[in-house]
Amino acid sequence: MKKLIVTTTDDKFAPGCAVLLYSLQKNMKDFHECDVKIFYTSLSQSNKDMIKSVCPKVTIQEPEDFDYCKGIKTLYGEDNQDTYLCLESFKQSEYDRVAYIDTDILCISDISYIFSDKLDYGMMACAGTKALNEREKYHPHGFSKFNAGFMVIGKENLAKNRTYNKLINIVKEASTTKSNDEYK
């Protein structure tokens, strides 16, 4: 199985990114079997070097096309489209499984099982809001806020970039759809 770990960063989160990679190397027994990619839109050479010093095998790259989210308001304001960089995880069709992990996460035990052949799923994500456990678990209209800080994506959602393209189209549509003061 071809495995990939993806994260995103900028200069502000580069130290956290280095700590995440260090914690994965230290605690994940199958880390050596995984490729690692970091997507960014603004990252200094000194921070690239710092991250590479912690994890020499990492590939650090800008997204090929990031215009789809220009001008879209995010949970963090109108100038933080980097939040959409996590979608690049769905564009990794050469892999069998991709784990996206936010840079503010610390790996404290072995999570190698997320890449197990015994697990059969198209996608797994951990999301949370303060009220998540206070209501029903199925939310037919979605969440007003969603944190995609940890996702594991299976081959069927990576193949031919179909899911990636669907997600990008949703983002493009959201740029013109406004309800009250929220973008959906």
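Is β2 mostly covered or mostly open, and how many of its residues are buried? I looked, and five of the six residues of β2 are buried, leaving the strand mostly covered. For me, buried means under 20% relative accessible area and exposed means over 50%, with partly exposed in between (1.4 Å probe, protein chains only). Helices (H or I, at least four residues) and strands (E, at least two) are DSSP runs, numbered from the N terminus.

A note on the model: it is predicted, local features need pLDDT of at least 70, side-chain atom pairs count only at pLDDT 80 or more, and totals for chains, interfaces and linings use all residues. Residues are numbered from 1 along each chain as its sequence is written, and side-chain values use heavy atoms, leaving out hydrogens and water.

Entry: neighbours of β2. I count strands as paired if DSSP finds at least two bridges between them. Strand β1 (residues 3-8) runs parallel to β2, joined by six bridges, and Ile5 stands opposite Val36 in β2. Going from β1 to β2, the chain passes through α1 in a right-handed β-α-β crossover. Right-handed means that, with the strands pointing away from the viewer, the path from the first strand over the helix to the second runs clockwise.

I then followed β2 to strand β3 (residues 59-61), which is parallel to β2 and joined to it by three bridges. Phe39 has Gln61 in β3 as its bridge partner. The chain takes helix α2 (residues 45-54) on the way from β2 to β3, and this β-α-β crossover is right-handed too.

Entry: the cores. A nonpolar core is a set of buried Ala, Val, Leu, Ile, Met, Phe, Trp, Tyr and Cys residues joined through side-chain atoms within 4.5 Å. I found 26 residues in the largest one, and Ile5, Leu21 and Leu24 are among those with the most contacts inside it. α1 gives the most to this core, with five residues.

What does Leu24 touch? Leaving aside residues up to four places away in sequence, Leu24 touches Ile5, Phe31, Ile101, Cys107 and Ile111; contact means heavy atoms within 4.5 Å. Apart from this core lies another, of 22 residues, including Phe39 and Tyr100.

Entry: helix α3. The buried residues of α3 are Thr163, Tyr164, Ile168, Val171 and Ala174. They share one side of α3, because they cover an arc of only 135° around the axis, taken from the directions from the helix axis to the C-beta atoms. I noted exposed Lys166 and Glu173 on the face of α3 turned away from its buried side.
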